[in-house]
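Me: I would like to go through this structure slowly, asking at each step what a word stands for. Please show it to me before we start.

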Amino acid sequence: MEDLKEPKRKRNAQPWKKSKLISKDEEAIPDIEDIFSDKETQKIRESLLDWYDHHQRDLPWRRKQTNPLQVEEEEEKEKRAYGVWVSEVMLQQTRVQTVIDYYNRWMLKWPTLQHLALSSLEEVNEMWAGLGYYRRARFLLEGARMIVTKGDGFPNTVSSLRKVPGIGDYTAGAIASIAFKEVVPVVDGNVIRVLARLKAISANPKDSMTIKNFWKLATQLVDPCCPGDFNQSLMELGATVCTPSNPSCTLCPISSQCRALSISKQDKSVLVTDYPTKVVKVKQRREISAVCVVEILGTKGPIEGDQSDSGFLLVKRPDNGLLAGLWEFPTVNMSQEADLTTRKKEIDHFLKKVFRLDPQKTCSMVLREHIGEFVHIFSHIRLKVYVELLVIHLKGGMSEFFSKHKNEGPSWKYVEKKDLSNLGLTSGVRKVYTMVEKFKQSKLSTDSAPAKKKRTNMRKLRSTGVN
Ligand code: SF4
């Protein structure tokens with residue numbers, strides 16, 4: 001199947017008329033300085049659309065697929081809407097270059113909304129692993145199921161899209177304007193930056209009234225003939241030319257309308273990057289957790305040293321809250337900083353409660369060691385993670401171990417070492433696992449203990465799967 005760029009749009013041959021979108025109420029923006037004149041609006045539309053025709057990046061979600069089976073136009077629009085939806089959700093908080101690969105893999109696995117609706121949360125989370133903000137993936141799945149169950153086709157207006165879980169004003173505007181050509185604006189961080197500079201708006205861009213005014217300005221600007229392309233051009237300009245700290249004003253198609261640029265030329269103490277006003281970030285909450293990577297040896301037989309013959313215990317996080325429903329190594333949240341002994345005690349308590357694992361009774365310990373710590377940053381949390389490796393042999397074997405644990409406490413699973421890397425793991429869990437691997441490697445290569453002790457350590461570590 002050949003990918004084609006969208007055909008060139010038809011330009012409006014009519015002289016520009018005031019958009020019917022702006023209601024009387026909306027027209028009554030108090031500060032006249034913040035309104036674009038009719039002439040300005042027309043010029044900005046033309047310049048941006050022209051620029052977008054020639055400079056847009058070739059991104060997979062912008063490509064139009066050929067239609068060998070002459071699929072109905074409606075079906076084509078729905079496919080486009082689905083692609084826009086997936087890409088816009090992925091692009092929230094994630095760089096374009098990272099998203100491209102995820103998007104392509106996603107579309108290969110679930111090419112239509114119907115395919116996605118049939119998948120499980122587990123599969124979706126696996127596909128999403130590494131993108132972060134997993135709630136977004138869950139909402140995509142829930143939204144797809146809702147639309148398919150309803151059976152009315154893909155919602156094609158902002159108001160109907162807003163009823164779908166996880167679709168806010170921005171995503172609704174993007175889908176409605178790009179896939180269904182509804183004349184509605186979109187406002188994201190890129191658009192806010194461009195508009196704030198165009199109009200030299202110094203109000204707090206996080207303030208709800210200011211955001212409302214950005215929506216009004218964007219509503220005024222959106223092109224009635226090509227709303228989707230216009231919205232994308234504004235976002236594209238913000239992403240590639242009017243960047244946060246290094247805007248390329250000499251390449252900008254709307255520089256003659258830019259008030260920030262004009263002010264900065266008259267007053268050298270003012271920079272275009274002074275707009276929009278920088279807002280002090282909310283302080284992140286500090287949290288601490290202790291992670292214990294439990295590796296079980298000899299689960300298939302008694303042969304020590306067989307690499308395939310070991311595995312790890314993973315626990316499912318609660319269905320609500322941070323990283324809801326995702327898998328992690330056994331983890332205990334600490335209420336405050338604690339020394340190794342206290343952390344071990346808490347971990348032991350957790351392992352006993354969830355797995356009935358007791359180094360004294362149910363298993364024999366091969367190795368237990370604190371292997372390091374790191375800080376993992378979420379948007380609102382600064383999580384300090386202490387990592388410990390616990391390598392054990394089960395006294396009664398795996399079958400006895402599993403028979404004891406049915407429908408009790410949090411969900412958990414045993415994953416063979418060879419399967420762990422194929423599992424979609426969050427970046428935090430991957431960090432922990434990489435740490436474990438590095439620890440084993442360095443333990444082997446730098447151990448300067450006397451020969452006998454060294455041989456013992458080597459044997460122990462080999463049995464955990466290190467060559
Ligand atoms: S002239 Fe410069 S600051 Fe103004 S919109 Fe263009 S790139 Fe942004």
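Reply: Let us begin with contact: two residues are in contact if their C-beta atoms, placed from the backbone, lie within 7 Å. This is a predicted model, in which local features need pLDDT of at least 70 and side-chain atom pairs count only at pLDDT 80 or more, while totals for chains, interfaces and linings use all residues. Residues are numbered from 1 along each chain as its sequence is written. In that sense of contact, the buried residues of α13 pack against α10.

Me: What are the buried residues of α13?

Reply: They are Ala260, Leu261 and Ser264, where buried means that 20 or more other C-beta atoms lie within 10 Å of the residue's own, exposed that 12 or fewer do, and partly exposed in between.

Me: Why are the buried residues of α13 said to line one face of the helix?

Reply: Seen down the axis of α13, they fall within an arc of 100°, so they line one face; the arc is that of the directions from the helix axis to the C-beta atoms. On the other side of α13, Lys265 and Gln266 are exposed.

Me: Why does Ala200 count as buried, and why does Leu323 count as partly exposed?

Reply: Ala200 has 20 C-beta neighbours inside 10 Å, so it counts as buried. Leu323 has 18 such neighbours inside 10 Å and therefore counts as partly exposed. Ala200 belongs to the loop between α10 and α11, and Leu323 to the loop between β4 and β5.

Me: Why are α2 and α12 called roughly perpendicular to each other?

Reply: These helices pack at an angle of about 80°, with their axes 9 Å apart, and they are therefore roughly perpendicular, since angles of 65 to 115 degrees count as such, while those under 35 count as roughly parallel, those over 145 as roughly antiparallel and the rest as oblique. The axes are lines fitted to C-alpha atoms, for helices over the stretch in contact, and angles run from 0 to 180 degrees between N-to-C directions.

Me: What makes the phi of Ala200 worth a remark?

Reply: Most residues other than glycine have a negative phi. The phi of Ala200 is near 45°, a positive value in a residue other than glycine, and Leu323 likewise has a positive phi, of about 50°.

Notes. Helices (H or I, at least four residues) and strands (E, at least two) are DSSP runs, numbered from the N terminus.
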